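Thanks, everyone. I'll keep this short. Please look at the screen.

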Amino acid sequence: MPLDKWRHLVAYAVLAGTLVYATDDWLLERRWTVLAVVFATVLYGIGIEVGQSFLPSRYFSLGDALANIVGALLVAPWYLLRRYVTFAGVQSWLRRFRPS
């Protein structure tokens, strides 16, 4: 797989992971949260690809769109592990490193 496709895959996996963190306190069923996160990430990726087609020297790439989708789907297994992990706020995490 070419390097640019790896970059798309990693970037959209990180975007989806960020959305997972941002939606952790939603009171939706797990399956709806998964669908919302993956759908939003995929929609964003396809939107960016479509938007590029209107710019000079840029073009729509189906390969990039597929790499974006795969990257978004990489977050799905997180929801199987979710019950074993808890998110901590940044402030509480930083307190562990303060000298006493």
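First, a term: buried means under 20% relative accessible area, exposed means over 50%, and partly exposed is in between, with a 1.4 Å probe and protein chains only. This is a predicted model, so local features need pLDDT of at least 70 and side-chain atom pairs count only at pLDDT 80 or more, while totals for chains, interfaces and linings use all residues. Residues are numbered from 1 along each chain as its sequence is written, and side-chain values use heavy atoms, with hydrogens and water left out.

Now the salt bridges. I mean a side-chain nitrogen of Lys or Arg within 4 Å of a carboxyl oxygen of Asp or Glu. How many salt bridges does this rule give? The count is three.

Take Glu29 and Arg31. Their closest N and O atoms are 3.2 Å apart. Arg31 is exposed, at 51% relative accessible area. Glu29 is partly exposed, at 47%.

The other residues form a network: Asp4, Lys5 and Asp64. Lys5 meets Asp4 at 2.9 Å, N to O. Asp4 is partly exposed at 31%, whereas Lys5 is buried at 17%. Lys5 also bridges to Asp64, at 2.7 Å between the closest N and O atoms. Asp64 sits in helix H3 and Lys5 in helix H1, so the pair ties together parts 59 residues apart in sequence. Helices here are DSSP runs (H or I, at least four residues), numbered from the N terminus.

Last, H3 itself. Its buried residues are Asp64, Ala65, Ala67, Asn68, Gly71 and Ala72. Seen down the helix axis, they fall within an arc of 160 degrees, so they line one face of H3. That arc is taken from the directions from the axis to the C-beta atoms.

Methods
Helices (H or I, at least four residues) and strands (E, at least two) are DSSP runs, numbered from the N terminus.
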